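Please read the following briefing alongside the sequence and the coordinates shown here.

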Amino acid sequence: MALPVATKVGIGVILAAALGYLVLSDTGEGVLEYMYVDQLLGDVQKYENRTLKVHGLVAAGSIQRKKGTTGDLKFRVEYNGKTLPVHYTNIPPDTFQEEGEVVLTGRLVDGVFESDEMSAKCPSKYEEEEGKAALAGVGKGG
Amino acid sequence: MLISTLGTIAVLVLFLLSVATVALGVVGGARRSERLIEGSVQGIHGILGVAVFASMLLEYAFLSGDTTIQYVHHNSHPAMPVLYKITAFWGSLDGSLLFWVLLLSLFASLAIRANRQRHRVLIPHAVAILATILAFFCALLVFMKNPFEPWLLPDQMPLQPKGLNPLLQNPYMVCHPPSLYLGMVSLAVPYAFGMAALITGQVDEAWQRSVRRWTLFSWLFLAIGLVLGGLWAYEELGWGGYWAWDPVENAGLLPWLTCTAFLHSIMVQERRGMLKVWNLVLVIISFFLTIFGTFLTRSGVVQSVHAFGEDPALAWTFGGFMAVILIGSFGLLFWRRSLLRSRHELESVLSREFAFLLNNWMFLICALFVAGATMYPTITQWSGNLAERFGWYRETMFALGIYDEAAWANALLENKPMPWGRVTIGPAFFNHYMTPLGVALLLLTGVGPLVAWRKTSTQSLVDQFRAPLIAGVVAVLIAAFGIPLVRTQGGFEVLSGWGLTCFGLCGFTFWTIFQEFYRGVRVRQRNRPQSPLDALIGLVVRARRRYGGYIVHLGIVLMFFGWAGNAYKLERKLGIYPGEIVTLGDYEIEYMGARATQDWQKDMITVELTVRRDGGHSGDLRPAKWWYYQLPEQPTTEVSRLMRPGGDVYASIADVDMTTGWTRLNLYYNPLVNWVWAGFAILLAGGVVCLGSKREEAEGGG
């Protein structure tokens, strides 16, 4: 390029300053630790009361809705033989279901994972195997 | 013959035909044998024929409900509406790969047909490359994911499937995946021609002329796919937003970003013969990103709400293919580097060339950032796995201070999980970095078209920038003091730095576009007396690429205007009893009561809300929960919103207690959100105007 050196240096300085500003002003918001249920339960002391994401499968037959309500769920998620009780206080995604895969954001408090954010696998695949659905004790609420 | 058998044969023929076509193209190109080249062209058309046949077979299997085929059995239900039976074809992994092959063979066939006379030298090589890509996908179909796979034994067949999730029974969901596919797949064409240009050494502008409109086509369909996905999320999911930086959304955004960069930088090459290497790099990266995106979606490598499930074998196969693409393409580029010298050099920072260069850097930085942040969680996981397996890697990481040796030793001692942290990256992180990048791009959208090629004189700068700068300042003042977007209860206006910056730049950029149109119309009217409307139409038709581009920019400005509103977004989550009133900004929302009803398909609970502002009745909201009898354990969330130019009042329900009527609501106020959709419609219109331009029109506008 035929640009003067001073101009090139100037452009470089501006870009570096902008990048520096961005990195320094980053609060780390949005960056969370991520783990499976077994890892979380493998070191409860370490992870207790920390906001993090935990991944697992909703245990069959474990979803309890508060009587007469639609939300405010209690259920368990499992992974690799470990089971974590969850208290969930938000709209569950429409794809939330027993034996479904979920990733929960929240904190482990007194052995219960308090969460208000969940993502469940998007139903890119249509539902299979009716047998899974015929689960007792899962009311429709309301 | 059974459909499954016939289909399997068709898939096999597809694969063999692709391989044969590669061979014909390579040998024909090397020997310059017209007969072989013609054979390879026929091969491409033949692949299309077989792909159409195979796709029709699969559609037939769906429509006739042939559940002896596993794929049909998994993805279909006799009671499904016909439309969803048709779209079930690409609803899942195996079929989506066949759909990919169908589209790619269609595009390959069209592109080869259109260019077979004009760019004859490039043809055998372009054919060979397109057929190689086809062969890769066909190989996946044959060896790993045959959609025609039957049940081997009748008793393997499980119970009847339950049918389509109601969540996907939505027109957006019918259009969103295919438009993304159209955009992604069609990017193979520019790539093939770019590589053919490198192989033949014919790296002048010919290859670009043959692919410019293809790239524009891809770009448009990627945009349509992205926005439809956003609309679907906004109207169906109930979390009050439309974009969450999910890996699969990002997978669609990445090639769109590099495609946008390419559409700009080819103008520099056309006009000034610069950036030749760069354009090829962009074409390679764009194509690579479409394969990378498919890999992200299909392999389960990245955790995503959309992922099809983990499949290590597929991940490795895709990984290998991506490595081949990168090494092969950049190898070719390096080999031909001496042919790619610029005709001119950059003369001034105040030039259109430099503005385009900045624009390209910005888009590439955006793409790199999004790709990096999307892969970061996966990289941390891989790194953890490596650290567990290999001592030397662990030692290196300890030495670099990335992992803590003491923590590792401790975990080992106490038999606890290994301390190789794995992280996720959420929307807040993306927004933190992408907001300034987006704002900078908006600034460039305004500045670029105002500076001249080669060099801009100070006088012309003053002339060009005076009015837009004033417009920008006025826009900031209006946003800050004139019209409060969001007021708190006490009547105070909420202000946001990024919001104001964005409004100012919207005003600035809007004025630069207006100024271009205004001046063009005036010139035409001076040359020949005519009405301003006639002059405007004449202007756009005469220079479609240039003014189409401005229309696209106008759409972008409106979308940014909508995004700026996001800075003022309000969100409230709370539980209330009937008769209680909550405030959201200066709206008052009264909870009237909940109703339980049902129809033949579902049970419904509907919450009735009355919205008031300044004492006047603004409207009613009726968010609901529905339980389809078909899928009682998955209630659907029904969003309700009041659409206004100023913003949406948006409500969804988390929880209703039918005995007391207590409900927990999620309320959002999304200022200016509808401008995003309106801006997108304008962007589409501009894109269509550009697409209509004559191929040879060398007039390089903004």
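Among contacts in chain A between residues at least 6 apart in sequence, 53% join residues at least 24 apart, where two residues are in contact if their C-beta atoms, placed from the backbone, lie within 7 Å. This is a predicted model, in which local features need pLDDT of at least 70 and side-chain atom pairs count only at pLDDT 80 or more, while totals for chains, interfaces and linings use all residues. Residues are numbered from 1 along each chain as its sequence is written, and chains are lettered from A and ligands numbered from 1 in the order in which they are written.

**Chain A**

- Chain A holds 3 helices and 7 strands, in the order α-β-α-α-β-β-β-β-β-β from the N terminus; helices (H or I, at least four residues) and strands (E, at least two) are DSSP runs, numbered from the N terminus.
- Of its 142 residues, 33% count as buried, a class that requires 20 or more other C-beta atoms within 10 Å of a residue's own, with exposed meaning 12 or fewer and partly exposed the range in between.
- A:Asn80, in the loop between strands E4 (73–79) and E5 (82–88) of chain A, has a positive phi near 50° although it is not glycine, and it counts as exposed with 11 C-beta neighbours inside 10 Å.

- Helix H6 (residues 123–144) of chain B spans 31 Å from first to last C-alpha over 22 residues, close to the 32 Å expected from 1.5 Å times one less than the number of residues.
- Because 17 of the 22 residues of H6(B) are buried, this helix is largely enclosed by the rest of the structure.
- Helix H5 (residues 93–115) of chain B packs against H6(B) at an angle of about 170°, with the axes 10 Å apart, the axes being lines fitted to C-alpha atoms over the stretch in contact and the angles running from 0 to 180 degrees between N-to-C directions.
- The two helices H5(B) and H6(B) are therefore roughly antiparallel, a label for angles over 145 degrees, whereas under 35 is roughly parallel, 65 to 115 roughly perpendicular and the rest oblique.
- By class, the contact of H5(B) with H6(B) has 17 nonpolar, 2 polar and no charged residues, with Ala, Val, Leu, Ile, Met, Phe, Trp, Tyr, Cys and Pro counted as nonpolar, Asp, Glu, Lys and Arg as charged, and the others, Gly among them, as polar.

**A loop residue of chain B**

- B:Arg32 lies in the loop between helices H1 (3–31) and H2 (34–63) of chain B, and its phi is positive, near 50°.
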